[in-house]
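Look it over first, then read the points below.

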Amino acid sequence: MSGKYLGGTMDEREREDLVLERCVAVGRGLANEVKSSEEANVFRVAAMVLHYRFPEEAGRLFRVSDNYFAVNPEHHSLHA
């Protein structure tokens, strides 16, 4: 992750950039954890979009997201 996020506050674009960087890292297998429900939901959507063209990367995103929601089901966007 970029050093520009260390310390201080982030604006919305910087937060989006950070989530995207994390999504790429998980997809590539460089990270294997979710830091928030926001990330878990973003990873799940990204996996759905990528699964035909990048099945391995999408599988990693699904697994990480699924693991997070298995432990935190109340955070799932579909939870009623």
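A residue counts as buried under 20% relative accessible area, as exposed over 50%, and as partly exposed in between. E38, with 37%, is therefore partly exposed. The model is predicted.

**Overall build**
- The protein chain holds three helices and zero strands.
- Its elements run α-α-α from the N terminus on.
- Of the 80 residues in the protein chain, 31% are buried.
- The accessible surface of the protein chain is about 5,600 Å². Carbon and sulfur atoms account for 55% of that surface.

- R15 sits in helix α1 (residues 12–28) and E38 in helix α2, 23 residues apart.
- R15 is partly exposed, at 31% relative accessible area.
- E12, R15 and E38 form a network of salt bridges.
- R22 and E39 also meet in a salt bridge, at 2.9 Å from N to O.
- R22 is buried at 3%, and E39 is buried at 5%.
- D66 pairs with R44, the closest N and O atoms being 2.8 Å apart. D66 lies in helix α3 (residues 55–71) and R44 in helix α2, so the pair ties together parts 22 residues apart in sequence.
- D66 is partly exposed at 38%, and R44 is partly exposed at 23%.

**Nonpolar patch**
- V45, M48 and V49 make a nonpolar surface patch of about 290 Å².
- V45 belongs to helix α2 (residues 37–50). V45 is partly exposed, at 47% relative accessibility.

Key. Residues are numbered from 1 along each chain as its sequence is written. This is a predicted model: local features need pLDDT of at least 70, side-chain atom pairs count only at pLDDT 80 or more; totals for chains, interfaces and linings use all residues. Side-chain values use heavy atoms; hydrogens and water are left out. Helices (H or I, at least four residues) and strands (E, at least two) are DSSP runs, numbered from the N terminus. Buried means under 20% relative accessible area, exposed over 50%, partly exposed in between (1.4 Å probe, protein chains only). Accessible areas come from the Shrake-Rupley method with a 1.4 Å probe; for residues, only the protein chains shown count as cover. Patches are made of residues with over 30% relative accessible area and no salt bridge: like charges are joined within 9 Å, nonpolar side chains (Val, Leu, Ile, Met, Phe, Trp, Tyr) within 5 Å. A salt bridge is a side-chain nitrogen of Lys or Arg within 4 Å of a carboxyl oxygen of Asp or Glu.
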